[in-house]
Amino acid sequence: MEQFLSEHWLDLTTTLLGLAYIILEYKASICLWYVAFVMQALGIALYYQKGLYADCGMEMYYIAMTVYGFMTWKFGRKRGQKQKGDLPVTHFKRSLILPWTAATCAIWGIIYWLLVTYTDSNVPLADSFTTALSFVGMWALARKYLEQWLIWIAVDIVTCILYFYKDIPFKASLYALYIVIAVMGYFRWRKLMHLSAVS
């Protein structure tokens, strides 16, 4: 047991932090950004160790987006919002769907090529897919768009399967739970959006 824990302590720690993170995200609490920062810093070490190089690079992007997300939620404002702070939940802008879809496909292709060409990754297609889609998901979360949950559901399903395959059992189980919480989160945020529209 001691050997198992010593081999999987990063997986276990980031899993516990990830659980706290998703609960705070579900509640639309700004504290999620504090937990995210620590989780992502440890995630860099975990994914590098496991040969998930795209995920490792993704954590660096997440750290930058964590700072952006915190600043946006704390001080940002959306069109029609009367005062700064307490950013409301809104829909993903339709005008952004096509550009973000194109950007995601391009990022997916570039990351896939990099993984195949420059690394020993044996899961380049799935690793690059979750990384590319997560770029949009993290940005949509930082902007507090309702549809960020739909993006994360897709990411979570693929990531859950990928992590079980790569022998990261705690994180894989966490992503299975993420799928359930993401579905619940979508409906909670949709309710929050309607309540803020009424008030």
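**A walk through the helices**

Ser-128 lies in helix α5, and helices here are DSSP runs of H or I with at least four residues, just as strands are E runs of at least two, numbered from the N terminus. The model is a predicted one, in which local features need pLDDT of at least 70 and side-chain atom pairs count only at pLDDT 80 or more, while totals for chains, interfaces and linings use all residues. Residues are numbered from 1 along each chain as its sequence is written, and side-chain values use heavy atoms, with hydrogens and water left out.

Is Ser-128 buried or exposed? Because its relative accessibility is 0%, Ser-128 counts as buried (buried means under 20% relative accessible area, exposed over 50%, and partly exposed in between, with a 1.4 Å probe and protein chains only). Once residues up to four places away in sequence are set aside, Ser-128 touches Trp-108, Ile-111, Tyr-112 and Leu-115, where contact means heavy atoms within 4.5 Å.

An α-helix has 3.6 residues a turn, so residues three or four places apart point the same way.

How do α4 and α5 meet, and at what angle do their axes cross? The two axes come within 8 Å and cross at roughly 145 degrees, with axes taken as lines fitted to C-alpha atoms, for helices over the stretch in contact, and angles running from 0 to 180 degrees between N-to-C directions. From α4, the contact draws on Leu-96, Trp-100, Thr-104, Ile-107, Trp-108, Ile-111, Tyr-112, Leu-115 and Val-116, and from α5 the residues taking part include Pro-124, Leu-125, Ser-128, Phe-129, Ala-132 and Trp-139.

The next topic is the aromatic rings. Rings of Phe, Tyr and Trp (its six-membered ring) pair if their centres lie within 6.5 Å, and planes under 30 degrees apart count as stacked, over 60 as edge-to-face and the rest as tilted. By this rule the count comes to 18 aromatic pairs. One of them joins Trp-113 and Tyr-118, whose ring centres are 5.6 Å apart and whose planes stand at 85 degrees, so the pair is edge-to-face. Trp-113 counts as partly exposed because its relative accessibility is 47%, whereas Tyr-118, at 60%, counts as exposed.

Tyr-163 and Tyr-175 form another edge-to-face pair, with 5.4 Å from centre to centre and 85 degrees between the planes. Since Tyr-163 lies in helix α6 (residues 148-165) and Tyr-175 in helix α7 (residues 169-198), the pair ties together parts that are 12 residues apart in sequence. Tyr-163 counts as buried at 2% relative accessibility, and Tyr-175 counts as buried at 13%. Ring pairs also link Trp-33, Trp-73, Trp-149 and Trp-189 into a cluster.

Helix α6 also holds Thr-159, which counts as buried at 4% relative accessibility. Which residues does Thr-159 touch, not counting those up to four places away in sequence? They are Thr-130 and Tyr-175, and Thr-130, although 29 residues away from Thr-159 in sequence, is 6.7 Å away in space, C-alpha to C-alpha.

Between the helices, two loop residues deserve a look. Most residues other than glycine have a negative phi, and most peptide bonds are trans. Ala-28, in the loop between α1 (2-26) and α2 (32-50), has a positive phi of about 60 degrees although it is not a glycine. Asp-167, in the loop between α6 and α7, likewise has a positive phi of about 60 degrees without being a glycine, and with a relative accessible area of 44% Asp-167 is partly exposed.

The walk ends in helix α7 with Ser-196, which is partly exposed, with a relative accessible area of 34%. Leaving aside neighbours within four places in sequence, Ser-196 is in contact with Pro-88 and Val-89, while Ser-196 and Ala-64 are 132 residues apart in sequence and 28 Å apart in space, C-alpha to C-alpha.
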